[in-house]
Amino acid sequence: MVFAAQENATWVPSLQIYGDHKAPSNDAEFLALAATLAPPDVMHHLQSAQPLDPIAVYRFPCGIRRRYDQLRRFPGRLLVIGDTLCSVNPVYGAGVSLAAAEAIALGECLAEESSAPLARRFFRTAHRTTYPTWWLAKCGDYSLSQAGLGARLLGSGFRLLSAAAAEDPATATAMLRSLALVDSPSTLVHPRILRRILRSRLRNQPVEALRR
Ligand SMILES: Cc1cc2nc3c(=O)[nH]c(=O)nc-3n(C[C@H](O)[C@H](O)[C@H](O)COP(=O)(O)OP(=O)(O)OC[C@H]3O[C@@H](n4cnc5c(N)ncnc54)[C@H](O)[C@@H]3O)c2cc1C
């Protein structure tokens, strides 16, 4: 659940549902599902809030990254940017930051003095720019899937990170800064953050349980 402040004292409450779970399609269903997740103070505001619009449901089947950087030829005077290049699950709130980072990369490519085709230079730079966020978002998606061993390991790491972020502001800030492309996702494996994740895990799971 995300409860995001907007301008003019308005808020957007969002519920993110995976797999076969049914998305709420009216206010009553929305509040009933929110009540299973929201802390009492948030729930109090939700119940007394004035809806500005009906509930909107958006379905997102999967993240897609298209590897134009691997094409040997590409039509001249044409480029692909934004979601058409790399689209991650909206739950991570990273799409606009990715599109902005690609726009900056494009500006840099345009300023370069190079005889190589612009499309090739841009797609390679854009791939490097988007890869860390794509990778982090994949780890998040893996945390909900039953994919292969490698994916399960990455997913478990993301689950530990999310659990620590839910109760530790420093971990939450590091996670949000990485997803917003302010910091590199490598900051999430810095010993300072790893210690906080471990501490959160030990607080919530007795050492005996970890030995099992
Ligand atoms: C529910 C939801 C929540 C999201 N929340 C966040 C968030 O909190 N933070 C964040 O960073 N990102 C978020 N995103 C992702 C973000 O919206 C996208 O990553 C971002 O908008 C991509 O920008 P874009 O310009 O590539 O594509 P779009 O913003 O989709 O723009 C493409 C435009 O092209 C137009 N178009 C399409 N086809 C044609 C055509 N044939 N001719 C003319 N025009 C056409 C479309 O109408 C559209 O206006 C969210 C996405 C969704 C769906």
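**View 1. The largest pocket lies between two domains.** Domain 1 (2-48) and domain 2 (64-130) both contribute residues to the lining of the largest pocket, so it lies between them. The domain bounds come from an automatic or database domain assignment. This is a predicted model, in which local features need pLDDT of at least 70 and side-chain atom pairs count only at pLDDT 80 or more, while totals for chains, interfaces and linings use all residues. Residues are numbered from 1 along each chain as its sequence is written, and side-chain values use heavy atoms, with hydrogens and water left out.

The volume of the largest pocket is about 1,600 Å³. On a 1 Å grid over the protein atoms alone, a pocket is an open set of points with protein on both sides within 12 Å along at least five of seven lines, a cavity is a set where a 1.4 Å probe fits but cannot get out, and lining residues have an atom within 4 Å of a point. Points are joined across faces, edges and corners, and a volume is the space filled by probe spheres set on them.

**View 2. A closer look at the lining of the largest pocket.** Of its 44 lining residues, Pro13, Ser14, Leu15, Phe30 and Ala56 lie nearest the centre of the largest pocket. Two or more lining residues come from each of strand S1 (2-5), strand S2 (11-14), helix H1 (27-35), helix H2 (40-48) and helix H4 (118-142). S2 gives the most, with 4 residues. Helices (H or I, at least four residues) and strands (E, at least two) are DSSP runs, numbered from the N terminus. By class, the lining has 28 nonpolar, 11 polar and 5 charged residues. Here Ala, Val, Leu, Ile, Met, Phe, Trp, Tyr, Cys and Pro count as nonpolar, Asp, Glu, Lys and Arg as charged, and the others, Gly among them, as polar.

**View 3. The second largest pocket has a volume of about 780 Å³.** Its lining is made of 20 residues, and Val2, Gln16, Val91, Ser162 and Met175 are the closest to its centre. Helix H5 (149-165) and helix H6 (169-179) are the elements that give two or more residues to this lining.

**View 4. Here H5 packs against H6.** The angle is about 125 degrees and the axes are 7 Å apart. That makes H5 oblique to H6. Axes are lines fitted to C-alpha atoms, for helices over the stretch in contact, and angles run from 0 to 180 degrees between N-to-C directions. Angles under 35 degrees count as roughly parallel, over 145 as roughly antiparallel, 65 to 115 as roughly perpendicular and the rest as oblique. Phe158, Leu161, Ser162, Ala164 and Ala165 in H5 meet Thr171, Ala172 and Met175 in H6, where contact means heavy atoms within 4.5 Å.

**View 5. Now meet H5 and helix H7 (residues 191-204).** Their axes come within 9 Å and cross at roughly 80 degrees, and H5 and H7 are therefore roughly perpendicular to each other. On the H5 side, Leu160, Leu161, Ala163 and Ala164 take part, meeting Arg196, Ile197, Ser200 and Arg201 in H7.

**View 6. The largest cavity has a volume of about 70 Å³.** Around the largest cavity sit Arg65, Arg66, Arg67, Tyr68, Asp69, Leu85, Cys86, Phe123, Ala126, His127 and Thr130. H4 gives the most to this lining, with 4 residues.
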